[in-house]
Amino acid sequence: MSKEKVVGEIKQSTIAEFMRKRTQLVGFEFGFNKHMQYVAEFLDNALDAIESFYWKFPDAYNLENNVSNDILDEIVKCAREMIENSKEDDLKEFRTSEEVIEHVREFIKPVRMLLDMREPVVVIRLREVKTPAFLSDAYRGNVRVYEFTIFDNGGGMIPQDLKKFGIYLASSKSERLRQTRGSQGFGAPSAFTDAQNTTGKPITVVSKHYSRDKATVASFFTTTKNTKDYVIYPKKVEPSFPHGTFVKLYYLNIVYKRGYADVYVERAALLNAHVTIVFIDPYNDVHVYPRRVSEFPPEPKYAKPHPASVNIGEFQDLLRDTRQKTLLSFLSKTFSRMSNKKARKIIEETNKELKKLGLPLVAKNTDPKKLTKKQVEILFKVFTSQKYLAPSKDTVVPVGSEVFKKVVREMLKPEFVEAVTRPPTSGKGLSYVVEACIAYGGEIPYTTSSSQVLWRFVNRTPKLRDNSDCAIWKAAASVNWKNYKLDVFENGLPRGQVRLFVHVAGPFVHVMFKGQSKQALAEDKLLIKEIKLALEEVARKLRSYISGKEAADRKAKRAFVLSKYAEKFAKSLCNILKTDVEFDGSINPEMVIEKMKSSIESVERVVKEVAVAETSGS
């Protein structure tokens, strides 16, 4: 009987191959949200690039003067000229690098003045193009092809980084957590995959690093083998901008609708007021959100693993991958809040446990990679039994209550606004800060749904999906808003001319997202408590304002009634006085009326001054 060669049935594949048919996991499923997801992924990348460049070179941008209204009008004018000159095309593909550069030059014309002024700027355009011939008749009535283009004047990419751009996990920050907008690095690669999967067209990128004389242009497809198939091979060209990155692609989706991508840009501009953002939507409306502050947020520090956040599997991985040569240096340099004294104590107590079991002891200079399985288990047991200081709070960079109030007041023009930044706290071994803001009255439109009331932000990034599944939403709904003189929806959120803003900042959030699309924070008792406390604090200020306003209204109404009947009262009073035999005629109706009106006007003036002081003080 001949022996058959047995072949294994398990097939090895790459992450890119796995994600090729699963881009919906990160938000790229057909629907209105898909338009928003494209804008979100690349706008977040652009803001990260601008901030990283500024942190390296604080004088990179000129932030002394705000963008004037004349310049804003010129941006809109140039953008409309660009729209008029744009011809509808059938998914035009670039044949040469020269065509690409000419296209980039035309695209950035509306913000050329801002680039010359060294303003931090992002430009996004989303437009519908002709439906391609490869779509069946069934598809043609329901879907459209969209052209997505974005440019930012961040630090740009060197050619080596451009080769990695768009390959899965090439930009992963999972090894060291920091307060940034991304974490897993699935965003841009998933967008590239969806774009080429649905249209069969390549992605075009132009990037110029600040340290290089020339820009690099490339047009490519990404592959399931984590490589690129080039249509235009990377080529150095004369740049049309000082530094930054340009991306252009096409994707298939249902017809664009307002309320998704445009809302994302608007809300992103609110908490990223240190950058000017221009968005041209498929209706050819030009939305300009100028820079409103003259300072960038400080650079957040990387967060080392805190002992409270490490499980046995992660501990084993850290031991395997460490570059430290001794066990003492591994413990003291890998983890936050771990002193040499604490590390020595852990080693000593580990040896006590090993001695009881009759196992080989470890030493301060033991190679951490050579520990036995049992030694690792005992070491981890002792490691987690110690008491540690709370994680460092210098890894958290909040927006700040004053900035929060300033940008909300300028954008929404409310009658009242108040904000609070809670003290830093920690969970799962990582620090975070909760900020809340409430805006009321003024030019704020009345709400028609509860989703319009609560604006959720995580590390300055707006979250528009999975509302009710998020810890922020649940915390806001748990507040008794009727106690603060506000009407409520059935789900408990306030209604009327009111907006709530909640921002959670810090590396903590990267371990708290519920899914790869990073739209909702998991329920955590301490997090929910912090959010609720922040909202209740600003709500108390609003209640005081509303109560003061109601009292002022009551005084004003009484004054109006008195003023209305002052003449009759004065005449009646004088008629009564005339019946008194001792009345000398020194009081007449005109005198009484004048004194009454003077007193009433004093009350009205005080009421107005109090109302103005409360509004400006908020």
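Is Asn-459 buried or exposed, going by its relative accessible area? With a relative accessible area of 4%, Asn-459 is buried (buried is under 20%, exposed over 50% and partly exposed in between, using a 1.4 Å probe and protein chains only).

## About the model

This is a predicted model, where local features need pLDDT of at least 70, side-chain atom pairs count only at pLDDT 80 or more, and totals for chains, interfaces and linings use all residues. Residues are numbered from 1 along each chain as its sequence is written, and side-chain values use heavy atoms, with hydrogens and water left out.

Asn-459 sits in the loop between strand 12 (454–458) and strand 13 (461–463). Helices (H or I, at least four residues) and strands (E, at least two) are DSSP runs, numbered from the N terminus.

Arg-337 also has a positive phi, near 60°, and is not a glycine either. Look for Arg-337 in the loop between helix 11 (327–334) and helix 12 (340–356). Its relative accessibility is 38%, so Arg-337 counts as partly exposed.

## Rings meeting rings

Rings of Phe, Tyr and Trp (its six-membered ring) pair if their centres lie within 6.5 Å; planes under 30 degrees apart are stacked, over 60 edge-to-face, and the rest tilted. That rule gives 31 aromatic pairs. Take Phe-57 and Tyr-210: the ring centres are 4.8 Å apart and the planes at 70°, so this pair is edge-to-face. The two are 153 residues apart, with Phe-57 in the loop between helix 2 (32–56) and helix 3 (69–85) and Tyr-210 in the loop between strand 3 (203–208) and strand 4 (215–222).

Phe-107 and Phe-246 are edge-to-face too, because their centres are 5.8 Å apart and their planes at 75°. Phe-107 belongs to helix 4 (residues 97–107) and Phe-246 to strand 6 (residues 244–254), so the pair ties together parts 139 residues apart in sequence. Both Phe-107 and Phe-246 are buried.

## The nonpolar cores

A nonpolar core is a set of buried Ala, Val, Leu, Ile, Met, Phe, Trp, Tyr and Cys residues joined through side-chain atoms within 4.5 Å. The largest one has 68 residues, and Phe-42, Phe-148, Val-408 and Phe-501 touch the most other members. Helix 2 supplies the largest share, 12 residues.

Leaving out residues up to four places away in sequence, Phe-42 touches Phe-148, Ile-150, Phe-165, Ala-188, Ala-191, Phe-192, Val-247 and Leu-249 (contact means heavy atoms within 4.5 Å). Another core, of 42 residues, lies apart from the largest one and includes Val-434, Leu-521, Leu-535 and Ile-546.
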